[in-house]
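Here is a short briefing to read alongside the model.

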Amino acid sequence: MHTLFIFVFLFCSACLTAQQLSGSSQVLGQVNAVTPELLFLRISPDAAASGMGESGTASLHAENATYWNPSKLAFVKSPALLSFSYIPWLRALYPDSYFCTASGHYRIGEKQVVCGSIRYFSREFMGQLSEQRIDKELAMDAGYVRLVTKHIAASTQLRYIHSGITGSPVSGLVFHDVSGFAADLSTTWRNDSVKAGNRNIPMAVGIHISNIGPKVSYSDSLVPGFMPVNLCAGYSAGFFSGKKGSWIFNFDLKKLLVPTPPIYVLDASTGAPVVNPSNGSYLIAAGKDPNRSVLSGIVGSFSDAPGGLKEELREINIATGMEYWHNKRIAVRAGYFYEHPLKGNRQFFTLGAGLRYNVFGFDFAYLVPTNRQRSPLENTLRFTLTFDFDAFKAQNKDTSK
């Protein structure tokens, strides 16, 4: 009961922090969400971290580290591991959509690991006036991880992205496919013997910057938009490990490094933005011009919100969760994800479970929206299957004896 009490306290404290941010005064009283392109790159692919509120930046488990933080792979004992995930994505809005991922890593020495993944997203959209659109998006990753010191690892990852839209033109716009490259940078500090009272516990801290790449546009008539450059900082720790059971607690903070839309000066009679006659751009009442370079957009994303520091803090998403393992075979998970109502309003609890048997592992996660209004995220399920080559070799050795 003492163990359970402490974890419930930590979990509720994180949720309370989110609610306090929600209670802040509204900046200019309107929704002002950051909206980059290629949003499929932000979909959490694996069921394990998703069952913990989508908190995987520093998680002590790294089955899908190529998405969350590849540098964690330097601390994974298994020399090779493959995982496959499937998500029937947003079925409340897109009945035939799905998201599939295959990822893996291979250790090439005591201090080096190579990794890679493939993500594929298909979505069919039926709009007004029989307008039909099919989106097919693909991302392929290749990464390199190195253990820098005993407790610090770093990684870099290159990503090829292709996104295509087929179907009827929208409002006269002619779409074309988008292709390009992006890069990730990450680092992890991990120590499996941190002194906590009279116990030694595993602990990790990770930082991951993903999708650093050029601006893209689906039409020559549209202004190019930013890729979803994302900064994640995470903490993970194991508590109260025993012979049969162990607990893990995760906590992530996430922020898009993309310019915040400014507040424009509106014409009193028409409500349309007022154009500056000198250069043809819209007059800005608060905030900064979002039409700038990628580097300027990343650096400026920490100070360009129209509402100043209060609004910048609202752009930080909170993800937290905990996990209980019984006999290293069965896992039960729960988590919470919070995004400010004026910045996207994604708020949900997650539930999950996992099973490890010989060379195979199976995980699933279920998402429960906490918003009062109907959410497209409701009933979202994730499934992940893992295959551990190290366990396979060990099994063969036992069989051959």
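The largest cavity has a volume of about 80 Å³, where a cavity is a set of points on a 1 Å grid over the protein atoms alone at which a 1.4 Å probe fits but cannot get out, and a volume is the space filled by probe spheres set on the points. This is a predicted model, in which local features need pLDDT of at least 70, side-chain atom pairs count only at pLDDT 80 or more, and totals for chains, interfaces and linings use all residues. Residues are numbered from 1 along each chain, and side-chain values use heavy atoms, without hydrogens or water.

**Cavities**
- The structure holds three cavities of 30 Å³ or more.
- Of the 13 residues lining the largest cavity (an atom within 4 Å of a point), the closest to its centre are Asp46, Ala48, Ala49, Ser59 and His61.
- That lining has five nonpolar, four polar and four charged residues; Ala, Val, Leu, Ile, Met, Phe, Trp, Tyr, Cys and Pro count as nonpolar, Asp, Glu, Lys and Arg as charged, and the others as polar.

**Ser296**
- Ser296 is found in helix α4 (residues 294-300), helices being DSSP runs of H or I with at least four residues.
- Because its relative accessibility is 32%, Ser296 counts as partly exposed (buried is under 20%, exposed over 50%, partly exposed in between, with a 1.4 Å probe and protein chains only).
- Val258 lies 38 residues from Ser296 along the chain, and their C-alpha atoms are separated by 9.4 Å.

**Phe389**
- Helix α6 (residues 389-400) contains Phe389.
- Phe389 counts as partly exposed because its relative accessibility is 30%.

Definitions and conventions
Helix = DSSP H or I, 4+ residues; strand = E, 2+ residues; numbered from the N terminus. 1 Å grid on protein atoms, 1.4 Å probe; cavity = no way out; pocket = protein on both sides within 12 Å on 5 of 7 lines; lining within 4 Å.
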